[in-house]
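Dear colleague,

I am handing over the structure below, and after it you will find an account of what came out of going through it. Please read the two side by side.

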Amino acid sequence: MPTNEGVEVQQSQIPGAGRGLFARIAFSPGDTVAAVDRPLVTELETERMLDTCAWCCQRGATTDIEKRMAASMGLPHGFTEIKSCTGCHRVGYCSRACQTKAWKREHKYECKVISAKEVPDLPAGVRGAVKILGRLKADPDNEFAHVRSILKFWPVGDPNGLNQISTQDKKRYEDFQFLGHAAWLYCGKPEIDTLNPKSISIGVVTNTMSNASALSSGLDGVPLGIGFDPLISSANHSCDPNASLVFNQPRHEIRALRNINAGEEIFIPYVEVTNPFSVRQAELKENYFFTCQCTKCKKGANLEADKFLERPEDLGNEYRKKADRRVAAVEAEAYAVLENELARSDEMKETIQMCIGSKMWHWTRQPVPQLCRRLGTLYLESASIYPAFRVGVKLHIEILPALYPQEFCQDRLLNAWAVSTLINVLCGTAHEEVYKELAQGGIELRIIYFGFLFYLREHTPRMFGSGTPFRKVIENTYEQIMAGVSVPEAEIKKKIEAAWPSLEALAHNVTVSSL
Ligand SMILES: C[S@@+](CC[C@H](N)C(=O)[O-])C[C@H]1O[C@@H](n2cnc3c(N)ncnc32)[C@H](O)[C@@H]1O
């Protein structure tokens, strides 16, 4: 059980931002600042309810093909079996131990409610509220403290918060009211001494749904659900964060990204912070209903993330207005494609070509990096392994180091892991041609694979810690691979050093036309 003595909740240093999380002691990069074994509210997305453990959030493969594919890549869901609850058949667990813990703490309050055929799949916030109300009814004296800690959060905790939501987004405001009401009805309109369960239900739904963090698996980035915990969620957002939120299925950890002094406020990113000013502000407003007042946003649209290769502001007045409009149009179109879940790889590619081809974007200006990441995933989904590998290498060598200075940043590790699994596939007999062609250019993929594996082994502990699902997969892979290798590690490292410049050359040669 983590003690969390190194942090405390105090008034934030950002005016109007309410409370924030503060360091009581100094932290170094990679240190765990605060952690909870499992957030107070952890809810799976509806699509994940039958293939993911409702307690520890480990995902299992549902089809044999997916199982075999995941197992061949060493991914845990290739080995995880999810068995559904025999009471409701709506949620599942990976083990008896998880099922027992879930039942004791919360599932006993929702099992009957969700088992009824006429009850549709309820949204995550509603399921969370059903369990909270069940717990509250069973043990009001102890559980009210939990409820109070949820209701303290903005927007419900702030006297003007709800007005602000209803003015900004009436539809979302009404949805929260409706869903909170629904949770209360599904629970059978519980009555609890001196408390008002209906308004508690609305408050819980509103606050969890507007403050929760999105949970995804570190190993394959699959969205799993939402998490909300009063301690972890006390950390405010900054577009220049000094810490990062890590989800170690199901543990939540805040880890330092740089040195943090005692007394300093801890800030984590709620959204992608490498986006330009206007995109960050719009995302925070839309999803979290606030105007970001962090130190980076206070400087306005004047930082690296907002700059173009050829700056419209350098043009003469006569051209500037036109250029500004065109840049805005290209940017809007690029983000629209990025956000379109149905976009295909050719659209993704064309959009990157449009940005870079305009000569105003560089590879490290958003949304190009995010488009590259999506393009890599789309290539992988269509089994275009070599193109996915090339994009992954471009990201690893050129793009991500420019965006995230620390080697141990989640995005860099996740991409390195994805590339290493692609190399593994490329080393198989089905890709002999590619293997040979690359070897002729000095890129011996088996050696490069070790480069990625050693990189991951060296840097994961500072972001994911040891003994975590991500770390375990890397350690297991390392042990299996090294068991079959007779060459000393130091010698492999020398070979990696010799092969790396060719990989860097490949990254630089990935141009828009060769994507
Ligand atoms: C998850 S809560 C954090 C805890 C919150 N400060 C509280 O007192 O309950 C998120 C809310 O904190 C405030 N907040 C967080 N980061 C902020 C920032 N960078 N600028 C302004 N307000 C911020 C917003 O009101 C936001 O809705």
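Thr42 stands opposite Gly227 in β8, and this pair belongs to the antiparallel pairing of β4 with strand β8 (residues 223-228), which extends over 4 bridges. Please keep in mind throughout that the model is a predicted one. The two strands are part of an open sheet of 3 strands, in the order β4-β8-β7 and with antiparallel pairing. Its edge strands are β4 (41-44) and β7 (213-216), each of which pairs on one side only, and on average neighbouring strands of the sheet are turned by 30 degrees against each other when direction is ignored. Across β4 and β8 lies helix α3 (residues 124-138), which runs at about 135 degrees to β4.

As for strand β12 itself (residues 265-268), are its two faces covered or open?

Turning to the helices, the axes of α13 (residues 385-403) and α18 (residues 489-509) come within 8 Å and cross at roughly 105 degrees. Because angles of 65 to 115 degrees are counted as roughly perpendicular, α13 is roughly perpendicular to α18. The contact has 5 nonpolar, no polar and 3 charged residues: on the side of α13 they are Val393, Lys394, Ile397 and Glu398, which meet Leu503, Glu504, Leu506 and Ala507 in α18.

Some backbone details may deserve a look when you go through the model. Most residues other than glycine have a negative phi, and most peptide bonds are trans. Against that background, a cis peptide bond joins Gln249 and Pro250, with omega about 5 degrees, and Pro250 lies in the loop between β10 (243-248) and β11 (251-256). The bond from Gln366 to Pro367 is cis as well, with omega near 5 degrees; Pro367 is placed in the loop between α11 (345-357) and α12 (368-381).

A positive phi occurs at Asn4, where the value is about 60 degrees although the residue is not a glycine. Asn4 is found in the segment before β1 (7-11), and with 17 other C-beta atoms within 10 Å it is partly exposed. Thr194, also a residue other than glycine, has a positive phi near 55 degrees. It sits in the loop between α6 (170-186) and α7 (197-211). Is Thr194 buried or exposed? Thr194 counts as exposed, because it has 6 C-beta neighbours inside 10 Å and the cut-off for that class is 12 or fewer.

Cys297 is partly exposed, because 19 other C-beta atoms lie within 10 Å and a buried residue would need 20 or more. Leaving aside residues up to four places away in sequence, Cys297 touches Cys239, Phe277, Arg280, Gln281 and Cys292. Val419, in contrast, is 122 residues from Cys297 in sequence and 33 Å from it in space, taken from C-alpha to C-alpha.

Methods
Residues are numbered from 1 along each chain as its sequence is written. This is a predicted model: local features need pLDDT of at least 70, side-chain atom pairs count only at pLDDT 80 or more; totals for chains, interfaces and linings use all residues. Axes are lines fitted to C-alpha atoms, for helices over the stretch in contact, and angles run from 0 to 180 degrees between N-to-C directions. Angles under 35 degrees count as roughly parallel, over 145 as roughly antiparallel, 65 to 115 as roughly perpendicular and the rest as oblique. Two residues are in contact if their C-beta atoms, placed from the backbone, lie within 7 Å. Ala, Val, Leu, Ile, Met, Phe, Trp, Tyr, Cys and Pro count as nonpolar, Asp, Glu, Lys and Arg as charged, and the others, Gly among them, as polar. Two strands pair if DSSP finds at least two bridges between them.
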